[in-house]
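The sequence and structure are shown below.

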Amino acid sequence: DFLCISLVNGFMQLRYNLGDKTVILQSLQRIHANRNTWHSLKAGRVGNEGYLDLDGINVTQKASPGMNALDTHTDFFVGGVSSLNLVNSMAIENEPTSFSGCIREIVINNRELKLTATDPKGGANIGDCDGTVCGYTVCKNNGTCQVENSGFSCSCPQEWTGTTCEQSIHCSQNMCGSHALCIPQPSSFSYTCICALGWSGKYCDSKIKFYIAKFVGNSYIKYTDPYYRKRDLQHSRISLNFTTNQTDGLIVWMGKSEDEDNDFLAIGIANGTLKVVINLGERLSVPLMHSKYFICCDGRWHFVTVVQNQTCIKVYLDEELILFEDIDPQRKYTALNYCGICYFGGFEIGRKVNIVTTGLFQKEFIGKIKDVVLFQDSRKIQLMKAEGYNIHDGNSGN
């Protein structure tokens with residue numbers, strides 16, 4: 001399998017092979033090599049359907065039946081490869097040659113690659129393309145960079161301030177404590193303090209303990225399983241108690257959630273009913289829905305357990321077996337490689353649930369969670385010792 005973007009006779013080309021045939025897309029317009037113009041390129045695939053967008057002019061190729069996953073367990077190369085004979089003969093039109101020019105702002109699956117001298121794994125014969133101390137991302141939030149004798153300065157839009165326009169003006173005089181994030185509220189010309197796990201109060205200066213975690217919508221807990229390396233990932237299990245008065249929300253997501261190919265097990269509420277989604281490989285997400293009765297809005301605690309025995313999934317709600325399904329009788333993928341990461345209630349600040357889960361779940365969780373047990377562990381996990389923000393003590397009040 002491969003995915004390759006190249007410049008061919010002045011045209012941009014995207015070629016990819018998912019295991020059956022090579023798909024070729026080419027830009028409609030030619031690039032004129034004048035070294036003064038930056039071009040914007042967006043290329044990729046959804047399943048086995050490809051797209052190539054050069055400077056806003058889009059080319060797509062309708063998918064035909066076939067493979068729909070890219071299996072490339074290799075390094076990611078930009079501008080060339082360590083040895084040109086490594087390039088698949090179908091990946092380019094002519095003999096392979098390295099790229100000569102400038103490249104900036106590479107984003108893979110919504111994550112930017114840092115093109116610095118130290119961040120990549122390796123490389124050779126790379127220089128500074130901008131030639132100044134400015135570069136393209138020195139000034140944040142659409143600030144304008146000017147070269148000065150002593151370095152550079154940023155001219156910031158009126159909503160931002162700081163050396164690199166990194167700080168909202170609404171947070172420039174904030175009183176948030178050291179265990180808080182300042183979140184600007186432009187509509188009210190103010191800010192709010194989002195407290196780190198174990199802290200509370202308007203300015204996050206009051207230390208708290210909790211055994212029941214209360215989520216308020218922009219909350220999350222990220223727990224790292226210390227026993228992950230010792231787990232039998234073909235036989236996973238998670239159980240917890242929750243209560244909510246909302247009809248939608250993500251309760252737990254076992255998995256890294258960094259890109260579309262990560263394995264995961266997810267539990268949440270959709271339209272007032274329980275929804276469980278499993279992905280053991282190749283983005284084969286299998287949603288399991290239980291619509292026998294609503295489990296929101298009743299103020300009751302509900303006990304849910306999900307058991308994965310290779311490809312067989314059992315879901316228990318309030319100690320009743322409500323779902324039992326073999327999601328892949330072919331047994332192609334049988335292990336839940338969740339990398340020891342469990343999210344509760346949502347994801348990091350700024351990462352929206354509906355985007356990260358590609359629409360599988362719509363909202364962050366609002367409600368309470370307690371008594372989380374992984375696998376057959378004899379102890380509940382200590383949510384207090386995880387990382388997270390905006391978690392309240394569910395023991396006190398409502």
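**Strand pairing and a domain interface**

Strands E4, E5 and E6, in that order, form an open sheet of 3 strands with antiparallel pairing. Strand E4 (41-46) and strand E6 (57-61) are at the edges with a single partner strand each, so one side of each has no neighbour in the sheet. The model is predicted: local features need pLDDT of at least 70 and side-chain atom pairs pLDDT 80 or more, while totals for chains, interfaces and linings use all residues. Residues are numbered from 1 along each chain as its sequence is written, and side-chain values use heavy atoms, without hydrogens and water.

**Strands**
- Strands (E) are DSSP runs of at least two residues, numbered from the N terminus, and two strands pair if DSSP finds at least two bridges between them.
- Strand E5 (residues 49-54) pairs with E6 in the antiparallel sense over 5 bridges, and Leu-54 has Ile-57 in E6 as its bridge partner.
- Strands E13 (residues 180-185) and E14 (residues 190-195) run antiparallel and are joined by 6 bridges; Cys-182 has Cys-193 in E14 as its bridge partner.

**Domain 2 and domain 3**
- An automatic or database assignment sets the domain bounds, which include domain 2 (174-208) and domain 3 (213-393).
- In contact (heavy atoms within 4.5 Å) are 9 residues of domain 2 and 12 residues of domain 3.
- The buried area (accessible area, 1.4 Å probe, that two parts lose on being put together, summed over both) is about 840 Å², with 70% from carbon and sulfur atoms.
- Ile-194, Leu-197 and Ile-208 lose the most area in domain 2 to domain 3, together 61% of what that side buries.

Methods: Helix = DSSP H or I, 4+ residues; strand = E, 2+ residues; numbered from the N terminus.
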